[in-house]
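Trainee: I would like to go through the charged pairs in this model. Can we start once it is on screen?

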Amino acid sequence: MATNFSPFTIISPDIGEKSDVQITQNSKVVPGIGNTVDVKSVSIKTLYGETVNLIGVYRSIEIIEDMFSSCIKGVITIDDSGGGLEKFAIRGGETIGIKIAKPNNGDIIIWRQDLVVHKIGESTVDQTTMNTTYQLEFTSRTFINSTKKCLFKSYKNMSIGTAVSSMFSEMGGTNDLIVEDPKITLEKPFISTGLMPHKAIEAMTHRACAKGGFYVFFERLNPVFGTNTKTDKPFTSSYYFGSLENLIKYAKTYGVHNITFSQKTAANQETSSIRTIKFQRRTTFNHINAMLLGLYNTTVTSIDPISRTHSMRKLSYANAKNESEFKDFYSFKTLDNSNIFSRYDDVAGEIPGRKIIASSLNDSVNRDDWLLNNIYGHLSKNLFRIALEIEGGKNTIGVGHIVNFTVASAFEKLADPTNANIPNDKIYSGSYFVTSVQHKIGLTSYTKELELARSTLPYDLNTGVTLSTSGAPASNKRYQDNTNSTTLVNKYWRKGLIP
């Protein structure tokens, strides 16, 4: 039974009570809330099977999707003036439904009906009015199914892709999984001794790195729709298992999202380039932490206790000879050759973060085969990050997408304030992975806070060469006095001076 009344007010009928009373929505809340988004419906389905409309009652909704998390999670804030917790006996297990469309044209951009309440936040009750405000935390039903189940299985003589598909099927739900098979056969068994399915899949992301690449497993808020090329049947997938390299490949096929750091000229209009007015530099170049984690220059020693032998492999982002070891979008590292964090003397024992692992006869994929690529992949996760806030109702940007960000150079602007065409920031402009999205849905707006990350730069810190969007070296911009900008950078900026 569906209810169309305002559910959390003092005049709402009790559960199961049939009422012919027609209650008008609050005049402050009109259909299609928000000047940047059209909220079609927000509801909660109680454990009694009753769907309760929450429009006009919820204060805000926040949903987080993360490339390094196997589930989405969120929270909805409720202003309760009618004893809704008691009236509807909310106690966890209820289902949140959200349906949101783009303004004006009605294209659906968010539609989820499988978000399950798992926690009720604390609240204070007003003694006079009995009003209260609280938060309901939720996650996807598929993830809850996974946390309820323990796998006691052995996976052998099958590809990692096949094993992952089998593990995912144990999670239940109606979502499909996009799988990039790394073409690695589990000749030795991978034994799951009670792992939850999503944890077993996360273990597979590590082993999938054995032939190169960095694999991730995550859930999207907005599913991907397509056709299975093998069965020719349509599918809807909220989950992705694959490499970062494959995400870049998809972007080359389907395009990237362009974002510019500038003011909007019209309040409700966007061109092909999305504008952001909030640009935040997250903690970057955390060198000591990265160095101690063994991301810069270290060794991995593999010991075989049975044969009493050992082997050693070198890991070096600072002195890597093979660009593919650290490359995501560009070929330039975030460290120049003269940087103290780039210079290591192996003979003197400068191998911070060194690792010693014991080989196992039962390990499905040798750890020293996948550990190196797995460590390098984490450079794209935490070495160089920024955050942007954009409108949510006019784009489909989500986790796993590629963004090309453009921001003017602050240094160039200060050096030549009369220049109408300020060159781009050589360090922070360029392509990024969208590693996290925080969706913020209020009564009047829908915004997305994007976290972007990469492990390389489009600018060579050693030579001053900047890559153009085509990948070819681009000439440096010049000032009105025809002085090369690199000269000014070397002369002033690196000394902390302004020309």
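Trainee: Is Lys278 buried, exposed or partly exposed?
Mentor: This is a predicted model, where local features need pLDDT of at least 70, side-chain atom pairs count only at pLDDT 80 or more, and totals for chains, interfaces and linings use all residues. Residues are numbered from 1 along each chain as its sequence is written, and side-chain values use heavy atoms, without hydrogens and water. Buried means under 20% relative accessible area, exposed over 50%, partly exposed in between (1.4 Å probe, protein chains only). Lys278 has 37%, so the residue is partly exposed.

Trainee: Which residue meets Lys278 in a salt bridge?
Mentor: A salt bridge puts a side-chain nitrogen of Lys or Arg within 4 Å of a carboxyl oxygen of Asp or Glu. Here the N to O distance is 4.0 Å, and the partner of Lys278 is Glu389.

Trainee: How many residues apart are Glu389 and Lys278?
Mentor: Strands are DSSP runs (E, at least two residues), and helices are too (H or I, at least four), numbered from the N terminus. Glu389 sits in strand S21 (residues 384–391) and Lys278 in strand S16 (residues 278–281). The pair links distant parts of the chain, with a separation of 111 residues.

Trainee: Why are Lys199 and Glu202 separated by about one helical turn?
Mentor: Their side chains meet in a salt bridge at 3.6 Å, N to O. An α-helix has 3.6 residues a turn, so residues three or four places apart point the same way. Lys199 and Glu202 are about one turn apart because both lie in helix H4 (residues 197–207), at a spacing of three residues.
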